[in-house]
Amino acid sequence: MTAVASPTRDPGLQPERTRLAWRRTTLSATVAAVLAAKTALHGGTSAAGVLACAACCALWLGFLLVANHRIRTLAATDRPAALSPRQAAVAVLCTVAVALCAAALVV
């Protein structure tokens with residue numbers, strides 16, 4: 001009997017997929033922020049609209065910084081370190097807050 005050799009794992013594929021996922025998520029957040037800004041400024045400006053738009057843009061910038069740092073980390077080594085809990089919390093907080101700001105602008 002011959003043993004079936006298990007395929008060797010290519011360590012470069014998982015970081016590449018994760019990096020592409022971060023890029024897609026960043027693009028989605030950008031689209032959401034642009035649409036929120038368009039909604040806030042459509043039909044005249046109000047103080048609440050401008051404030052919500054500014055908050056949405058600031059949150060988008062925070063997410064962009066976390067995502068960019070993670071993309072650079074994934075591209076730098078073959079075995080990148082795990083995402084820190086602080087970075088994960090910031091990414092989740094920014095994503096949820098952008099969604100809430102966008103929902104507030106629609107209502």
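This is a predicted model: local features need pLDDT of at least 70, side-chain atom pairs count only at pLDDT 80 or more; totals for chains, interfaces and linings use all residues.
Me: What makes the protein chain a helix-only arrangement of elements, with zero strands?
Reply: The count is three helices and zero strands. From the N terminus on, the elements run α-α-α.

Me: Why are α1 and α2 called roughly antiparallel?
Reply: Their axes cross at roughly 170°. The label applies to angles over 145 degrees. The crossing angle passes that cut-off, so α1 and α2 are roughly antiparallel to each other.

Me: Which residues form these two helices, and within what distance do their axes come?
Reply: Helix α1 covers residues 13-41 and helix α2 covers residues 47-76. The axes come within 9 Å. Both values matter here because two packed helices are described by the angle between their axes and the distance between the axes.

Me: What kinds of residues make up the contact of α1 with α2?
Reply: There are 17 nonpolar, five polar and three charged residues in it.

Me: How do you know that Arg19 and Glu16 form a salt bridge?
Reply: Their side chains meet at 2.3 Å, N to O. The cut-off is 4 Å, so the pair qualifies. The structure holds one salt bridge.

Me: How are Arg19 and Glu16 placed along helix α1?
Reply: They are three residues apart in α1, and therefore separated by about one helical turn.

Me: Why is Arg19 called buried?
Reply: Its relative accessible area is 17%. Buried means under 20%, so Arg19 counts as buried.

Me: And what makes Glu16 partly exposed?
Reply: Glu16 has 31% relative accessibility.

Me: Which residues does Arg19 contact, leaving aside neighbours within four places in sequence?
Reply: Ile71, Leu74 and Ala75.

Me: What makes the set of Ala33, Ala36, Ala37, Ala40, Ala52, Cys53, Cys56, Val98, Cys101 and Leu105 a nonpolar core?
Reply: A nonpolar core needs buried residues of nonpolar types, joined through side-chain atoms within 4.5 Å. These ten residues form the largest such core. Helices α1, α2 and α3 (85-106) each supply at least two of its residues. The largest share, four residues, comes from α1. Apart from this core lies another, of nine residues, among them Trp22, Val66, Leu74 and Cys94.

Me: What does Ala33 touch, not counting residues up to four places away in sequence?
Reply: Ala33 touches Cys56 and Trp60.

Me: Why is Leu100 called exposed?
Reply: Leu100 is found in helix α3. Its relative accessibility is 57%. Exposed means over 50%, so the label holds. The C-alpha atoms of Leu100 and Ala52 are separated by 9.7 Å, and the two residues are 48 apart along the chain.

Me: Is Thr73 buried, partly exposed or exposed, and why?
Reply: Thr73 is found in helix α2. At 23% relative accessibility, Thr73 is not under the 20% cut-off for buried, nor over 50%, so it counts as partly exposed. Thr73 and Leu83 are ten residues apart in sequence and 9.4 Å apart in space, C-alpha to C-alpha.

Me: What share of the protein chain is buried?
Reply: Buried residues make up 25% of the 107 residues.

Me: Among contacts between residues at least 6 apart in sequence, what percentage join residues at least 24 apart?
Reply: In the protein chain, 80% of these contacts do.

Technical notes:
Residues are numbered from 1 along each chain as its sequence is written. Side-chain values use heavy atoms; hydrogens and water are left out. Axes are lines fitted to C-alpha atoms, for helices over the stretch in contact, and angles run from 0 to 180 degrees between N-to-C directions. Angles under 35 degrees count as roughly parallel, over 145 as roughly antiparallel, 65 to 115 as roughly perpendicular and the rest as oblique. Ala, Val, Leu, Ile, Met, Phe, Trp, Tyr, Cys and Pro count as nonpolar, Asp, Glu, Lys and Arg as charged, and the others, Gly among them, as polar. Buried means under 20% relative accessible area, exposed over 50%, partly exposed in between (1.4 Å probe, protein chains only). Contact means heavy atoms within 4.5 Å.
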